Amino acid sequence: MRRWLEAPLQLPDGTLQQRDRGTPQGSAISPVLANLFMHYAFDMWMAREYPGVPFERYADDGVVHCVSEGQARKLREAIANRMREVGLRLHPDKTKIVYCRDGNKRRRPYGQTEFTFLGFTFRARKAIDRNGERFTSFLPAISKESSKKISGEVRQWRLHRQIGRTFAELARAINPIVRGWMQYFGAFYRTALLPLLERINAYLMRWIRKKFKRLRTFKKAHACWRRITRQYPRLFAHWAWVPTFW
C-alpha cells in the first residue's frame, strides 16, 4: 500500500514527478482507502455514539434517519464536529435536513421535501396498496440527473444512423447496457424509467425508416415494427417493459 501511494506520477512527456500527498487519480486504491477511512471515522462513530439512529453510507455520500427535526439538527451539528475532528467537512450545499412527507396531513410542511441518493430521488409519490387504494408514500425513483445522463448516452448511440447493422446486431450491442439500467433504476417506481426506454423505441423506428427505402412512410414502418415485435417480442431487453405494439 505504501508503494502504491508513493509511486511517482508520469507526465505526458514521460518524466516522473514525485508525490508526497493524495492518492493516484482513478486508481483502485482511492475508493478502498476512502471507505476504510470512513468506516472508522463515521460508521463506527455513529454505531458507538448514536446506536439507535439508522443510516446508510456509500463512499462519501450518506443518509441518516431521524425521528424529529430537533434530533436532525443536533445530529447534523454532531456529525459536522466529528468530520472536523478527522480533517473533513460537510458539504455546505449538499448537507440538508429533509422532511420525508407522506400522506399524513397532520404533519406540518418543511422546506426540503426530497433528496437524491445513489441516482434515486426520494420524495412523496402516489402509490397503490394491496387493496388497490391510492395513497401517498415517500418513495425513490430515478433522479432527473440520472435520467439526463442516460438520455444523453442513448442519443450518442445514434441508433437511427447505424443502418449498416442488422436489428439483431443493434440488440446485442445495447441490451447489456439497457438491462443494467432496468435492473438498477427499475428496482423502484419503474414507471419513471419507462419514458427513457420508450425513447429507444423511437430511435429504432427511425432506424427502420432510414435503412429501408420502401418503409420511409410512417404507416409502412409501423406495420414492419408490429410484425417484428410480434415475431421477436424479447429481441430487445427493454421490450419486456415498454409497449411494443404501437
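**Notebook: helices, cores and a cavity**

I began with helix α3 (residues 69–85), whose 17 residues reach 25 Å from the first C-alpha to the last, close to the 24 Å expected at 1.5 Å a residue. The expected span is 1.5 Å times one less than the number of residues in the helix. Helices (H or I, at least four residues) and strands (E, at least two) are DSSP runs, numbered from the N terminus.

I note that this is a predicted model, in which local features need pLDDT of at least 70 and side-chain atom pairs count only at pLDDT 80 or more, while totals for chains, interfaces and linings use all residues. Residues are numbered from 1 along each chain as its sequence is written, and side-chain values use heavy atoms, with hydrogens and water left out.

**Entry: α3 and its surroundings**

I looked up burial in α3 and found Ala72, Leu75, Ala78, Ile79, Ala80, Arg82 and Met83 buried. Buried means under 20% relative accessible area, exposed over 50%, and partly exposed in between (1.4 Å probe, protein chains only). These buried residues pack against α2 (29–49) and β4 (61–64), where contact means heavy atoms within 4.5 Å. After α3 comes Gly87, with a positive phi near 85 degrees.

**Entry: α6**

I then checked α6 (194–211). I listed its buried residues, among them Asn201, Tyr203, Met205 and Trp207. The cover over the buried residues of α6 includes β7 (134–142), α4, α5 and α7.

**Entry: nonpolar cores**

I took a nonpolar core as a set of buried Ala, Val, Leu, Ile, Met, Phe, Trp, Tyr and Cys residues joined through side-chain atoms within 4.5 Å. The largest has 33 residues, and Phe167, Ile200, Leu204 and Ile208 have the most contacts inside it. Two or more residues of this core come from each of α4, α5 (167–185), α6 and α7 (218–231). With nine residues, α6 gives the most to this core.

A second, separate core has nine residues, including Phe42, Trp45, Met46 and Leu75.

**Entry: the cavity**

One cavity of 30 Å³ or more is present, and the largest cavity holds about 30 Å³. Its volume is the space filled by probe spheres set on the points, which are joined across faces, edges and corners.

The lining consists of Ile150, Val154, Trp181, Leu193, Leu196, Leu197 and Ile200. I recorded seven nonpolar, no polar and no charged residues there; Ala, Val, Leu, Ile, Met, Phe, Trp, Tyr, Cys and Pro count as nonpolar, Asp, Glu, Lys and Arg as charged, and the others, Gly among them, as polar. The largest share of the lining, three residues, comes from α6.

**Entry: two single residues**

I looked up Ser147 in α4 (residues 144–157). Ser147 has a relative accessible area of 19% and is therefore buried. Beyond residues up to four places away in sequence, Ser147 touches Ile142 and Leu196.

I also looked up Gln25, in the loop between β2 (16–17) and α2. Gln25 counts as exposed because its relative accessibility is 81%. Gln25 and Tyr58, 33 residues apart in sequence, are 19 Å apart in space, C-alpha to C-alpha.

Technical notes: On a 1 Å grid over the protein atoms alone, a cavity is a set of points where a 1.4 Å probe fits but cannot get out, and a pocket is an open set with protein on both sides within 12 Å along at least five of seven lines; lining residues have an atom within 4 Å of a point.
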